[in-house]
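Let's take a look at a protein together, starting with its overall build and then zooming in on a few residues. Keep the picture open while you read.

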Amino acid sequence: METIAIITGKLARIGLWIAGAGLVAMTAMIAAQVWWRYVLNDSIIWTEPASVMVMGWFILLGAAVGIREGYHLSFEVFLHFAPDRLKLILYSISDIVVTAFGFGMVWYGTLLAMKTASNKIPSLGISGAYDFLPIVVGGVLVVLFSLERLARRAAGLPTARFGEELDD
């Protein structure tokens, strides 16, 4: 488990760095577009579709890392009153549902990418499949990080919940 935690921890850090760089890149593209449009009275045609594509990357990578670190959405009111054993069962059910959702992201993201592979994004000149690649990669990470959470819990190890710090 320790080796898996180290590997997934490194993957999560890489994902966060890529997401952060994407956020900065998207902000720069939008700022350039505003400058060119309103100051220079011209327009850069590729900034809008490129920034939307980059946004998909940083949102889905960030969401996957959030799952690993226990930041995904949940309804915890009942859990405050539930016994510890029931909490562990409910946490596991939640992780199983998230894993299934990740598999859906991979499956349907791949189908969408295949259906749009022959289309070209006019302003970027690349395949439309690239729009759906973040869904597939994000889904793979969601599955991987959710399975890690389930494996840690099955081994009796703690899993992070809503910002708790755990040793990797």
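First, some ground rules. This is a predicted model, where local features need pLDDT of at least 70 and side-chain atom pairs count only at pLDDT 80 or more, while totals for chains, interfaces and linings use all residues. Residues are numbered from 1 along each chain as its sequence is written, and side-chain values use heavy atoms, with hydrogens and water left out.

**Overall layout**

The protein has 4 helices and 2 strands. Both are DSSP runs numbered from the N terminus: helices are H or I with at least four residues, strands are E with at least two.

How big is the box that the C-alpha atoms fill? Along the principal axes, it's roughly 65 × 35 × 30 Å. The radius of gyration is 19 Å, whereas a compact globule of 168 residues would come in near 15 Å. That radius is taken over C-alpha atoms, and the globule rule is 2.2 Å times the number of residues to the power 0.38.

Of the 168 residues, 35% count as buried. Buried means under 20% relative accessible area, exposed means over 50%, and partly exposed is in between (1.4 Å probe, protein chains only).

**The nonpolar core**

A nonpolar core is a set of buried Ala, Val, Leu, Ile, Met, Phe, Trp, Tyr and Cys residues joined through side-chain atoms within 4.5 Å. The largest one here has 13 residues, and A64, L141, V142 and F145 have the most contacts inside it. The helices α1 (2-39), α2 (47-68), α3 (84-116) and α4 (133-154) each supply at least two of its residues. The largest share, 5 residues, comes from α2.

Take L141: leaving aside neighbours within four places in sequence, it is in contact (heavy atoms within 4.5 Å) with L11, L61 and A64.

| Residue | Relative accessible area |
|---|---|
| T47 | 1% |
| R161 | 7% |

T47 lies in helix α2. Beyond its neighbours within four places in sequence, T47 is in contact with M29 and Q33. A polar atom of the T47 side chain also lies 3.2 Å from the backbone oxygen of I44.

Where is R161 found? R161 sits in the segment after α4. R161 and R68 are 93 residues apart in sequence, yet 9.2 Å apart in space, C-alpha to C-alpha.

Key: Polar contact = N/O pair within 3.5 Å; in protein donor to acceptor, adjacent residues only side chain to side chain.
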